[in-house]
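The sequence and structure are shown first.

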Amino acid sequence: MALLGAGLAACTILATVAALRAQRTAVHPDDVLSGKLLGAAWVTGFAALFLAITGLASTLDMPDVQSLLWPTGSGFVVGLLYVAEGAQRRNLLHYSLGTWLALTSTAALLLGSPGLYWVLTLAGGSAYAIAAILENRRLSSLSGHPQNSRH
């Protein structure tokens with residue numbers, strides 16, 4: 001759980017930095033508003049996840065279910081947020097990463113513990129590593145084309 005928390009904190013910081021960078025280059029007020037709404041969606045998504053997991057654990061009287069739902073639910077929420085961000089900014093890399101994270105995180109539930117942690121680590125971690133390399137290339141290719149900076 002500590003590793004999950006550290007990963008989520010790091011991803012949140014990196015996503016915030018990327019969002020702020022995108023807002024600085026935005027010229028249309030609609031783009032700025034979209035960026036702010038996507039940023040707020042992170043808070044909304046995790047607040048809703050907290051309520052869902054806490055409610056399920058309490059209602060079903062199964063506090064142990066939280067150890068399964070927090071890592072997989074977090075991957076699901078992060079994945080959906082990346083899908084939304086990719087769709088809004090027409091960024092196929094972010095959209096694809098989000099799709100992969102949402103699907104693999106929820107599919108990991110089929111394996112139970114400890115299998116789900118292996119899926120999250122290998123499938124999710126590998127996807128982030130590949131996306132980081134591809135994002136660096138994508139940004140480098142856009143640096144000479146300012147009209148495409150919002151993509």
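## Packing of H3 and H4

The axes of H3 and H4 approach to within 7 Å and cross at roughly 160 degrees. Angles over 145 degrees count as roughly antiparallel, and H3 and H4 therefore stand in a roughly antiparallel relation. Their crossing is left-handed.

On the H3 side, the contact is made by Thr72, Gly75, Phe76, Val78, Gly79, Leu80, Tyr82, Val83, Glu85, Gly86 and Ala87. On the H4 side, it is made by His94, Tyr95, Leu97, Gly98, Thr99, Leu101, Ala102, Ser105 and Thr106.

## Model confidence

The model is predicted. The chain has an average pLDDT of 83, and 83% of its residues score at least 70. Confidence is lowest in helix H1 (residues 2-25), where the mean is 69. It is highest in helix H4 (residues 92-107), with a mean of 95.

## Nonpolar core

In soluble globular proteins, nonpolar side chains tend to be buried together. The largest nonpolar core of this model holds 17 residues. Within this core, Trp42, Phe46, Leu49, Val78, Tyr82 and Leu97 touch the most other members. Helix H2 (29-59), helix H3 (66-89), H4 and helix H5 (115-142) each give two or more residues to the core. The most come from H3, which gives six residues.

Leu97 is one of the residues that touch the most other core members, and Leu97 also belongs to the H4 side of the contact with H3. Residues up to four places away in sequence aside, leucine 97 touches Tyr82, Ala127, Tyr128 and Ala131. Tyr82 in turn is part of the H3 side of the helix contact.

## Two further positions in H4

Leucine 93 lies in helix H4. Is leucine 93 buried or exposed? Its relative accessibility is 18%, so leucine 93 counts as buried, the cut-off being under 20%. Apart from neighbours within four places in sequence, leucine 93 is in contact with Ala131, Leu134 and Glu135. Leucine 93 and alanine 132 are 39 residues apart in sequence, with a C-alpha to C-alpha distance of 9.8 Å.

Alanine 107 is also in helix H4. With a relative accessible area of 38%, alanine 107 is partly exposed. Between alanine 107 and valine 119 the separation is twelve residues in sequence and 8.8 Å in space, C-alpha to C-alpha.

Technical notes. Residues numbered from 1 in each chain as written. Predicted model: local features only at pLDDT ≥ 70, side-chain atom pairs only at ≥ 80, totals over all residues. Heavy atoms only, no water. pLDDT = per-residue confidence, 0-100. Helix = DSSP H or I, 4+ residues; strand = E, 2+ residues; numbered from the N terminus. Core = buried A, V, L, I, M, F, W, Y, C linked by side-chain atoms within 4.5 Å. Buried < 20%, exposed > 50% of the residue type's maximum accessible area, 1.4 Å probe, protein only. Contact = heavy atoms within 4.5 Å. Axes fitted to C-alpha atoms, helices over the stretch in contact; angles between N-to-C directions. Parallel < 35°, antiparallel > 145°, perpendicular 65-115°, else oblique. Left-handed = near helix turned anticlockwise from the far one by under 90°.
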